[in-house]
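Let's walk through a protein structure together, one step at a time. Please have a look at the model below, and then follow along.

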Amino acid sequence: MSLTNNSFSIEILQSRTQEKPICAALFDFDGTLSLIREGWQNVMVPYFCEVLQRVSDPEKETPQDVERITRDFVDKITGKQTIYQCIRLAEEVKSRGGIPEEPLVYKKEYLRRLQLRISNRLELLQSGAVAPDEFVVPGGRKFLELLRNKGVKLYLASGTDECYVKQEVALLKLEEYFDGGVYGAQDNYKTFSKAMVISRLIESNQIEGEELVGFGDGYVEIENVRAVGGFAVGVATNEANPGAGVDQWKRDRLINAGANVVIPDFSDAEKIFQFLFPC
């Protein structure tokens, strides 16, 4: 079932049946609200493949095999802290008979390469050469305003290191919306997860899971929101061409993760808002 208006469509996989109104919302950041790190997979996957091909047996695995395996685990861990993908890389190296680096070494090299990709975007934002909304998912700011005006408490949780998340949220001028806080990966990775943020927000607001809505483009936030009885909205943004409709690959993985509905972005913010708050 879909609610379609011109080119914008809300794909409904499971309607919201809870009687209690939504009073808290959790947002992922990269790919859900921010386009600053668009293309990060095209940095991580080739780098990880380089590492694995050094220790893989070419008679058992082709470069295509290595890439397929790498994309699969990178995709499934997306939404967790970056270190978890690096931990998995170390495990893959070890399983092939290699001696892995510490996961933190892999993480630092990945971040170095990613910084080269996004440094120009950051400079443009810092200098004011481009408006913040150039790097905000279409309709994102308007939708946050609608939720805030409704009195919904807003939280942001990202698998990216918290220092970078806060910097980029500030550059996009979105920090004012998240009265519940902005959270990201920690050096001690065991002290942070999106599930922990959800647990704390439910407890601190004295609400039930069904009063929570979550927005994200990865497995983790969708699964975590559904696990507490919340309503999970998959945001299948076409990051390379914002506003061009649903990214089919994202849509498929979000459905597999258990999203209740899938949207292409927030470009029809009023329509999404009215769907979640029909009264």
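We can begin with two helices: α4 passes α6 in a left-handed crossing, a term used when the near helix is turned anticlockwise from the far one by less than a right angle, while right-handed is used for clockwise. The names come from DSSP runs numbered from the N terminus, with helices (H or I) of at least four residues and strands (E) of at least two. On the α4 side the contact is made by L111, I118, L122, L125 and Q126, and on the α6 side by Y164, Q167, E168 and L171; contact here means heavy atoms within 4.5 Å. Six of these residues are nonpolar, two are polar and one is charged. In this sorting Ala, Val, Leu, Ile, Met, Phe, Trp, Tyr, Cys and Pro count as nonpolar, Asp, Glu, Lys and Arg as charged, and the others, Gly among them, as polar.

Before going on, a word about the model. It is a predicted one, in which local features need pLDDT of at least 70 and side-chain atom pairs count only at pLDDT 80 or more, while totals for chains, interfaces and linings use all residues. Residues are numbered from 1 along each chain as its sequence is written, and side-chain values use heavy atoms, leaving out hydrogens and water.

How are α4 and α6 placed? Their axes are 11 Å apart and they pack at an angle of about 25°, where axes are lines fitted to C-alpha atoms, for helices over the stretch in contact, and angles between N-to-C directions run from 0 to 180 degrees. The two helices are therefore roughly parallel to each other (under 35 degrees; over 145 is roughly antiparallel, 65 to 115 roughly perpendicular and the rest oblique).

Now turn to α1 and α3. The axes of α1 and helix α3 (residues 82–95) come within 10 Å and cross at roughly 25°, so α1 and α3 are also roughly parallel. The crossing of α1 and α3 is right-handed. From α1, M44, F48, V51 and L52 meet T82, Q85, C86, L89, E92 and V93 of α3. By class, that contact has seven nonpolar, two polar and one charged residues.

Next come the charged pairs. Side chains of opposite charge can pair when their charged atoms come close. A salt bridge is counted when a side-chain nitrogen of Lys or Arg is within 4 Å of a carboxyl oxygen of Asp or Glu, and the count comes to 24 salt bridges. In one of them, E38 and R121 meet at 3.0 Å, N to O. E38 is buried, with a relative accessible area of 17%, and R121 is buried at 14% (buried is under 20%, exposed over 50% and partly exposed in between, with a 1.4 Å probe and protein chains only).

Another salt bridge joins E239 and K250, whose closest N and O atoms are 2.6 Å apart. E239 is buried at 12%, and K250 is buried at 2%. Elsewhere, E50, E109, R112 and R113 are linked in a network of salt bridges.

Finally, look at the loop between α7 and β6, where Q206 lies. Phi of Q206 is near 50°, a positive value in a residue other than glycine. Q206 is exposed, with a relative accessible area of 75%.
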